Amino acid sequence: MAVELVNTKTELTPKKNKLEVTIKVKAQGNINEINCDLDITKDKTISELEKKINKKIEEDIKQTIEKINKEYNSDVYGFEDLFYKNNPKFYKKMKDKYEDDFISNVDVKVEADINL
């Protein structure tokens, strides 16, 4: 099955006084191709597909972030800036504590909400 995501919106929210970021992804999906015996005219089937797509997107984003953090120790997502802008005192405290390893200590939560 191939799904095209459209009208995608992403929101990053840091947790107050904790090295945690929640990434919320909202989008609409169009089923472009299907090569299996699913009856996509049923609401239950669509609902199950949405759950599977949401889970897959959440896993993919989390794995990508972890891989970039491990291999490059790089903040390509702008988490440090996000913490700095939302809570500068907390950011300074954590930056001093973790020095060069700040980004790998950020806990990332991902929530996907895709509607087919």
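Trainee: Which residue follows H3, and what is the value of its positive phi?

Mentor: This is a predicted model, in which local features need pLDDT of at least 70, side-chain atom pairs count only at pLDDT 80 or more, and totals for chains, interfaces and linings use all residues. Residues are numbered from 1 along each chain as its sequence is written, and side-chain values use heavy atoms, with hydrogens and water left out. Helices (H or I, at least four residues) and strands (E, at least two) are DSSP runs numbered from the N terminus. H3 is followed by Glu 99, whose phi is near 45°.

Trainee: Why do the buried residues of H2 line one face of the helix, and within what arc do they fall?

Mentor: The buried residues of H2 are Phe 79, Glu 80, Leu 82 and Phe 83. They line one face because, seen down the axis of H2, their directions fall within an arc of 160°.

Trainee: Which residues have the most contacts inside the largest nonpolar core?

Mentor: A nonpolar core is a set of buried Ala, Val, Leu, Ile, Met, Phe, Trp, Tyr and Cys residues joined through side-chain atoms within 4.5 Å. The largest one has 21 residues, and those with the most contacts inside it are Phe 79, Phe 83 and Val 106.

Trainee: Which residues does Phe 79 touch, not counting those up to four places away in sequence?

Mentor: Phe 79 is one of the buried residues of H2, which pack against S1, strand S2 (20-33), helix H1 (43-72), H3 and strand S3 (107-115). With residues up to four places away in sequence set aside, Phe 79 touches Leu 12, Val 21, Ile 23, Ile 65, Ile 103, Val 106 and Val 108.

Trainee: How far apart are the closest N and O atoms of Glu 80 and Lys 95?

Mentor: Glu 80 is buried, at 17% relative accessible area, whereas Lys 95 is partly exposed, at 26%. The two form a salt bridge, defined as a side-chain nitrogen of Lys or Arg within 4 Å of a carboxyl oxygen of Asp or Glu, and their closest N and O atoms are separated by 3.2 Å.

Trainee: About how many helical turns separate Asp 96 and Lys 92?

Mentor: The side chains of Asp 96 and Lys 92 meet in a salt bridge, at 3.1 Å from N to O. Asp 96 is partly exposed, with a relative accessible area of 44%, as is Lys 92, with 49%. Because they are four residues apart in helix H3, their separation is about one helical turn.

Trainee: How many salt bridges does the rule count?

Mentor: Another of these pairs is Asp 107 with Lys 109, at 3.1 Å from N to O. Asp 107 is partly exposed, with a relative accessible area of 31%, and so is Lys 109, with 37%. The number of salt bridges counted is eight.

Terms used:
Buried < 20%, exposed > 50% of the residue type's maximum accessible area, 1.4 Å probe, protein only. Arc of directions from axis to C-beta. Contact = heavy atoms within 4.5 Å.
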